[in-house]
Amino acid sequence: MEEQKAAVRLTELKEQIAYHDKRYYVLDAPEISDYQYDQLMRELLEIEAQYPQLLTADSPSQRVGGAPLKEFASYTHRNSLLSLMNAYGTDDLREFHQRVCNDLGKDEIEYVVEYKIDGLSIALYYENGVLQTGATRGDGVTGENVTANVRTIKNIPLRLQKALPVLEARGEVYLPRASFERLNQQREEAGEALFANCRNAAAGSIRQLDPKIAAQRDLRAFIYTMLYVEGAEPQSHTQCIELLKEAGFTTMEPLVSSDIEEICAYCEYWGEHRHDLPFDIDGMVVKINSLADQQVLGNRAKNPRWAIAYKFPPEQGVTQVEDIVVQVGRTGAVTPVANLTPLFLAGSTISRATLHNEDFIREKDIRIGDYVVIQKAGEVIPEVVSVVTERRNGGEQEFQFPKVCPACGAPLIRLEDEAAYHCSDPMTCPAQVREGIIHFASRDAMNIEGLGPAVINQLLQAGLIANAADLYYLQKEQLVQLERMGDKSAENLLNSLENSKRRTLAQIIFALGIRLVGQNVAKVLARQFHSLEALQQASYDELVVIDEVGPKIAESITDYFQKDRHAAFLQKLAEAGVQLNGEPAEQKQEKAAFAGKTFVLTGTLPTLDRREASAMIEQAGGKTSGSVSKKTDYVLAGESAGSKLTKAQELGISIIDEETFLQMLEN
């Protein structure tokens with residue numbers, strides 16, 4: 001097939017696949033079989049392979065996920081993504097209604113009521129109908145650019161089905177409950193840590209640096225509002241929803257009502273029936289339908305005055321404490337846990353609940369054999385609310401906190417100003433060693449794929465490793481002897497270990513498991529010291545003055561590097577080829593061509609697509625933004641540049657074309 005005919009056929013295939021995606025993922029009414037759909041996709045992939053120059057960002061082939069990212073770039077939202085005020089009962093809804101009536105001088109207000117999806121908030125930016133950016137909410141002003149992962153979500157259109165020059169929409173990415181259960185089953189079989197709930201699974205999936213992983217999970221999205229639009233002038237929220245549906249999005253069907261009592265009853269109904277839905281919700285959202293009235297009421301600093309979230313009360317249940325045991329964490333903290341008679345609550349079966357520390361047990365007077373009221377804190381973590389003392393029969397036993405570590409027998413110590421007890425022998429305590437290796441291999445640390453808790457347990461039990469550094473000395477013939485570890489799995493694990501030798505400095509610092517040093521502090525330290533060697537030599541006085549460090553963290557860092565066993569551990573990592581002193585990404589950017597510069601892209605570039613140009617900017621130390629402001633340094637403009645170009649001209653911002661951009665990079 002010659003290129004011109006291939007281009008025409010490719011356009012036809014894109015339109016057909018987009019149509020069938022909407023029928024299947026949005027309308028739940030497919031018209032063709034999976035086999036017929038696969039044939040269309042196969043033909044599209046063959047044409048794109050033959051003519052790679054015809055590949056565009058809105059192609060359905062881009063949903064499979066591209067190359068892994070090193071990190072997410074930041075993204076500044078065109079309009080701030082505000083959070084909602086909360087209502088914790090119907091009386092709060094009535095007060096909200098009365099306040100709105102008083103402020104608007106009206107006796108009757110029309111509202112829309114929608115599900116409050118329990119997922120990850122997302123903003124989508126389209127230009128000339130094509131998806132340009134998908135970003136997390138972040139702090140409401142700046143989020144993470146997760147476009148590569150958003151492209152993999154099947155019910156988010158890559159190209160709008162309604163012509164709109166510019167659209168910025170907001171929605172919620174979620175994982176259907178059935179998909180969540182399948183995902184956790186797969187992770188359990190692979191020996192990987194389970195997700196706590198659908199929300200955590202969705203957030204973890206959309207924040208994967210490898211888009212192929214996100215593509216394998218059944219992520220969906222409800223789009224529930226327009227943040228900005230050109231080419232349409234909706235007058236109400238319901239008109240916005242209709243426009244979004246016409247554009248190809250999955251939307252909710254809201255209740256539209258002027259009767260506050262009907263609205264209260266509707267919210268209470270779904271509070272009782274939320275588990276009837278195939279996805280998780282944690283409340284309802286009530287908002288004024290009229291956009292003009294929304295404009296009149298305006299916003300507070302963080303919340304709109306025209307909307308409120310009705311939060312469902314935590315679901316509670318009563319069950320019995322069968323036993324209280326203690327578990328040892330990575331840092332040696334010993335935490336008491338209640339083993340409970342299994343209880344189905346808030347969509348899952350609860351059989352354990354943390355009791356935090358000895359003081360918590362004493363304060364609530366929790367005893368073995370007690371009946372207790374359980375609820376999920378934030379619908380996630382099971383917690384003991386209170387003891388049902390009237391059900392005591394005299395056979396209950398007070399819990400005595402152990403004096404020695406249950407894992408290794410070393411004495412427990414309680415540090416000053418801390419509620420938790422700690423094992424005094426972190427070097428040989430098997431529980432701490434195990435948890436430390438799990439942390440070292442985790443995604444946010446060294447990101448060693450295929451090394452879940454089950455595999456680590458086998459390696460420890462077989463005596464193949466004693467600490468995380470030993471992982472880099474494993475041989476294939478050792479791995480294939482493990483249960484459910486074949487040749488291919490062993491090769492994949494060894495390849496992942498090899499790849500992990502080149503992690504960023506921030507990841508390495510975090511992986512060490514230094515007490516009180518989380519991801520954010522690790523990034524701060526990486527930017528400050530540029531090498532692990534420099535951090536090792538840093539004094540307490542040098543550390544304590546750094547923002548986000550402070551006395552306790554500074555003391556923990558210096559204490560870590562003063563211990564001989566940690567020096568030996570780092571030496572063993574270095575001898576295995578782990579690049580401990582590699583120059584961090586942050587330092588490279590400071591020396592790069594676009595260090596500290598902010599770019600806005602608009603229009604169609606001659607040879608680069610928007611994703612390639614953005615990646616080049618970020619690799620050169622710059623960042624991209626979705627909107628033009630006084631903080632913008634350059635606007636990279638191509639053909640059919642729209643309102644961004646006009647605004648840049650008004651503000652006097654430097655406007656460059658692709659040729660100039662590439663010359664700047666070369667220079």
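Tutor: Contact here means heavy atoms within 4.5 Å. This is a predicted model, in which local features need pLDDT of at least 70 and side-chain atom pairs count only at pLDDT 80 or more, while totals for chains, interfaces and linings use all residues. Residues are numbered from 1 along each chain as its sequence is written, and side-chain values use heavy atoms, with hydrogens and water left out.

Student: Which residues does I456 touch, not counting residues up to four places away in sequence?

Tutor: I456 belongs to helix 13; helices (H or I, at least four residues) and strands (E, at least two) are DSSP runs, numbered from the N terminus. I456 counts as buried at 0% relative accessibility, where buried means under 20% relative accessible area, exposed over 50% and partly exposed in between, with a 1.4 Å probe and protein chains only. With residues up to four places away left aside, the residues touched by I456 are R434, I437, I438 and L451.

Student: Is helix 12 parallel or oblique to helix 13?

Tutor: Helix 12 (residues 430-441) and helix 13 (residues 453-461) have axes 10 Å apart and pack at an angle of about 135°. Axes are lines fitted to C-alpha atoms, for helices over the stretch in contact, and angles run from 0 to 180 degrees between N-to-C directions. Angles under 35 degrees count as roughly parallel, over 145 as roughly antiparallel, 65 to 115 as roughly perpendicular and the rest as oblique. The angle therefore makes helix 12, relative to helix 13, oblique.

Student: Which residues of helix 9 make the contact with helix 3?

Tutor: Helix 3 (residues 90-104) and helix 9 (residues 260-273) pack at an angle of about 145°, with 10 Å between their axes. On the side of helix 3, the contact is made by T90, L93, R94 and H97. On the side of helix 9, the residues are I260, E261, C264, C267 and E268.

Student: How many disulfides are there?

Tutor: A disulfide is a pair of cysteine sulfur atoms within 2.5 Å. C264, buried with a relative accessible area of 1%, has its nearest cysteine sulfur, that of C267, 6.7 Å away. For C408, the nearest cysteine sulfur is that of C423, 3.5 Å away. By this rule the count of disulfides is zero.

Student: Is R170 buried or exposed?

Tutor: R170 is found in strand 7 (residues 166-174). Not counting residues up to four places away in sequence, R170 touches L81, L82, S121, I122, A123, R137, I223, Y224, T225 and L227. At 12% relative accessibility, R170 counts as buried.

Student: What is the phi of N128?

Tutor: Most residues other than glycine have a negative phi. N128 lies in the loop between strand 4 (120-127) and strand 5 (130-136) and, at 42% relative accessibility, counts as partly exposed. The phi of N128 is positive, in a residue other than glycine, and near 55°.
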